[in-house]
Amino acid sequence: MTLTDHTSGTLQDAAVAPPGLPSPGRAVRRAPVNTRTAVPVLDVTIPVFNEERDLEECLRRLHGHLRDTFPHSFRITVADNASTDGTLKIAERLAREFPEVAVVHLDEKGRGNALRKVWLASPSPVLAYMDVDLSTDLAALPPLLAPLISGHSDLAIGTRLTRNSRVVRGPKREFISRSYNLMLHSLMAARFSDAQCGFKAIRADVGQQILPYTVDNSWFFDTELLVLAERCGLRVHEVPVDWVDDPDSSVDVVRTALADVRGMARLTRDLVYGRIPVPELRAALARGPLPASSRAGEQTRGSSLFGQLVRFAAIGAASTLAYLLIFLFCRGFMDPQLANFLALLVTAVANTGANRRFTFGIQGGNPVRHHFEGLIVFGIGLVLTSGALALVHRTTTPDRWMEVLTVVAANLAATAVRFLLFRLWVFRGAGTNKTTHATTSTETGAP
């Protein structure tokens, strides 16, 4: 990789730092960024591949916005990922016009590869990136960067999936995005609301420590970085954005979603088998706990049996409604046993994740083990409901609503068994876990 330095007119090698553990020691907060440094305070990376049509408009618009609204020095780095059209020439021409624009050319494709290499080589204390189509309104940039500069937060992300976000995009992308983030919450205990919005920033001091442990070179890089940041106890700040879908985007949404699912499986293995030294990184990077006197209420809140029952009942009601909708939908084109199996499987995964987080207050630990044991509990519920369906079909010829009443009654029995098994087996010792992991939700600032 070569970095074109348009201030000196020379080429520099941009070395990627090897993984290394930081020195242990926690701070309650980060120091504010020194905004009087000789290097640009902010480095915004624009990863591009064959974007000759949109690049010039993007750079002129972004440069004008930063020049007029950002109060500190900045640089815009165009990371050209092996483009075969005129993208690189356009970037180099604009870099000659604007001294704040730099160009990096890489021979390998991939957004993750570009961001990792450019960020690790950048001297700026605050690093950001956005997509070349500028789908996100740039008015969200100041609230994205402010908590990083002040030291309040370690990462900042734009989110399209909160009530205050305003988004224009098709139903297919909306469904895939929300489904993917639901999987992240349920299977990986993630708390950030939007993994793939192309509008993120990170403090370079923490980025230098965790970026070398990311390995994905494509779209899953964002998710990998965020999951790792949360596991290491970093604070993630979320900014609701106004976002308009680019109808001419070249991203294959379905293929990208499937690659993300494979990435989740690979990252889970890496975390389970210790490829990433999370305990050491957390010990060195996580913000220190608040004084114990101010946390006493948080440590004991909701740990009573009554509180758990109330939350379990609320989640159970939502799960039952979702189960019925899925069962009725699937029953229209498949036999009742298969419809029951699919409806139970989908709701069981979501139910386990929701109870893990809200009923028993576990936010860290090993979500893979909990979901595995939750699937065993799901098997018990499947036996009860399938047996009830088989019994009613053997004794009579039920109509659709008789089937529904049968599975609802069986599910009520399965729910009671599920609560007992969750409390006594799957999430045993939840009160201790809540105290142990309570710092995470406070530290990340996640909703």
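User: Why is Phe333 called exposed in this model?

Analyst: Exposed means over 50% relative accessible area, buried under 20%, and partly exposed in between (1.4 Å probe, protein chains only). Phe333 has 56%, so the exposed label applies. The model is predicted: local features need pLDDT of at least 70, side-chain atom pairs count only at pLDDT 80 or more, and totals for chains, interfaces and linings use all residues. Residues are numbered from 1 along each chain as its sequence is written, and side-chain values use heavy atoms, without hydrogens and water.

User: What makes Phe329 and Phe333 an aromatic pair, and which geometry do they have?

Analyst: Rings of Phe, Tyr and Trp (its six-membered ring) pair if their centres lie within 6.5 Å; planes under 30 degrees apart are stacked, over 60 edge-to-face, the rest tilted. Here the centres are 5.5 Å apart and the planes make 80°. The pair is therefore edge-to-face. Phe329 is exposed too, at 60% relative accessible area.

User: How many aromatic pairs does the rule give?

Analyst: The count is 3. Separately, Trp119, Tyr129 and Phe221 form one aromatic cluster.

User: What share of the protein chain is buried?

Analyst: Buried residues make up 51% of the 447 residues.
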